[in-house]
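Subject: Structure for you to look at

Hello,

Here is the structure I said I would pass on. My notes on what was found in it come after it.

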Amino acid sequence: MKDSNKDRRLSAEDLEGSDRIEENDPSPRTVRTQRRAAVSQGLEGVRQVARGKTTGRFTSLLHHLTPELLRSSFFALKKQAAVGVDGVSWRAYEIGLTDRILDLHGRVRRGAYRAQPSRRVYIPKPDGRQRPLGVTALEDKIVQQAVVTLLNCIYEERFLGFSYGFRPGRSAHDALDALTVGIGTQRTRWILDADIQGFFDNLDHEWLRKFLEHEIADRRMLRLILKWLKAGVSEDGEWSETRKGTPQGAVISPLLANVYLHYVFDLWVQAWRKKEAAGRVIAVRYADDFVLGFERRDDAERFLEELRERLAKFGLELHPDKTRLIEFGRWAIAERRKRGAGKPDTFDFLGFTHICEINPKSGRFVVKRKTARKRKRAKLLEIKQQLKLRMHAPVREVGEWLRSVVSGYFRYHAVPGNFRVLSGFRSAVSWLWLRTLRRRSQKHRMSWRRYYELERRFLPRVQIYHPFPEVRFAAKHPR
């Protein structure tokens, strides 16, 4: 937010430290027990130096990719993940793990490691289209996970406060909280809801290399990262070259995306709102999806025009159907009513539709959030298809699967103000399950009494899991 703090204590919108180093701290390694994978003392030294220096670059990083780090990276991977072109599963690689890790470490150290192409698969999107994903080989996942752990020590000291996507200790709900608090507490009148079209497919390799070189001078580390970008894609057994982009689904891709957008978008936005904006500006970015709030319409329109030019310089463009400038905020309801313009428009962000409302009890403005309709519809369609496939499976097995699916859905979507939508979702799931059970047999029809017993046993009740945004945001960012 533009000049929102009188003091200089860190908030979610503060710029993180911008320090650099010339040499790494070659301190000895000792394994510590942490919530994430075990991190060597050497990596902690990298983090401390990155936090405390302002000049120079990291000239020696590859030696931090130790066998211990590769081993912990292996155990950080999902055990049931799909296999890549190598056909090696997590369980198969675990057999003889120590020798495999030592061999992999040796190849990485002497430059004999070769990245394998990603296996192209497609998953359906809520709008009916197909999203391409790249499934990497298991050894590529291990080395990528280790590199991500290492580079996070540097870039977590560089990334800005309004960047939330795929960062340690930050979640989608943290981004949603920051956006809601920003709209509610700042003089926000206009919302720019934007999305970069095909970002992961159009990320420019040459620009990414230049951005990485701002912090990394270790040529071996840079070559290692470029190997993954140039490895290509295998689809139906045919290899194709990748001249740009990074595969969605690769372990390294979220970090590379954040590095790219840190220089293309975040730093530029930070400078623009300080030097160019006449009014207040708030910003929240989650990967390639971002929302900005403006006090003045002329600021918003000028920013949007300049943003298009900025992105075009780096081979990117805004999605024409997912980029909108709308009137939104505490004054929007009254001002639009005066003009006879109807209710303020809504916008979707991270699976929730954001709505301008006045609390009927307190009379205060609130940002109401409910599950986006397309997100709810897509989930119900997925459950319907799965129930059809599991029609003749044991009832208890299907019930336990449904409980897991519905509980996971509630854990994300159960925010204050969304109770009615979640109740409708549970009722829809219940009806789909009843229809499936009654189609199992034409002779024995499922009775209502028996079904109610199953529903009470397996379908979790609706409850709100998340606190109000202001409460959680204040706890994480005390002022």
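D177 counts as buried, because its relative accessibility is 1% and the cut-off for buried is under 20%. Please keep in mind that this is a predicted model. D177 forms a salt bridge with R369, and their closest N and O atoms are 4.0 Å apart. D177 belongs to helix 6 (residues 172-185) and R369 to strand 11, so this pair ties together parts of the protein that are 192 residues apart in sequence. R369 is buried as well, with a relative accessible area of 3%.

Some other salt bridges

A search of the whole structure finds 28 salt bridges. One of them joins the side chains of D299 and R302, at 2.8 Å from N to O. These two residues sit three apart in helix 11 (residues 297-313), which means that about one helical turn separates D299 from R302. D299 is buried, with a relative accessible area of 0%, whereas R302 is partly exposed at 28%.

Another salt bridge is made by the side chains of R396 and E400, at 3.3 Å from N to O. Both residues lie in helix 14, four residues apart, or about one turn of the helix. R396 counts as exposed, because its relative accessibility is 53% and exposed means over 50%. E400, at 36%, counts as partly exposed. There is also a network: E206, R209, E213 and R219 are joined into one by salt bridges that share partners.

Helix 15 has 20 residues and reaches 29 Å from its first C-alpha to its last, close to the expected 28 Å. Its buried residues include V421, L422, F425, R426 and V429, and W433 and R438 are also among them. What do the buried residues of helix 15 pack against? They pack against strand 11 (365-371), helix 13, helix 14 and helix 16. Strand 11 is also where R369, the salt-bridge partner of D177, lies.

A patch on the surface

W431, W448 and Y452 make a nonpolar surface patch of about 360 Å². Y452 is found in helix 16 (residues 448-458) and counts as partly exposed, at 39% relative accessibility.

The protein as a whole

The protein has 479 residues, and buried residues make up 51% of them. It contains 17 helices and eleven strands. Of the contacts between residues at least 6 apart in sequence, 72% join residues at least 24 apart. The accessible surface comes to about 24300 Å², and 49% of that area belongs to carbon and sulfur atoms.

Regards

Methods: Residues numbered from 1 in each chain as written. Predicted model: local features only at pLDDT ≥ 70, side-chain atom pairs only at ≥ 80, totals over all residues. Heavy atoms only, no water. Patch = residues over 30% accessible without salt bridge, like charges linked within 9 Å, V, L, I, M, F, W, Y side chains within 5 Å. Areas by Shrake-Rupley, 256 points an atom, 1.4 Å probe, with all protein chains shown as cover. Buried < 20%, exposed > 50% of the residue type's maximum accessible area, 1.4 Å probe, protein only. Expected span 1.5 Å × (residues − 1). Contact = heavy atoms within 4.5 Å.
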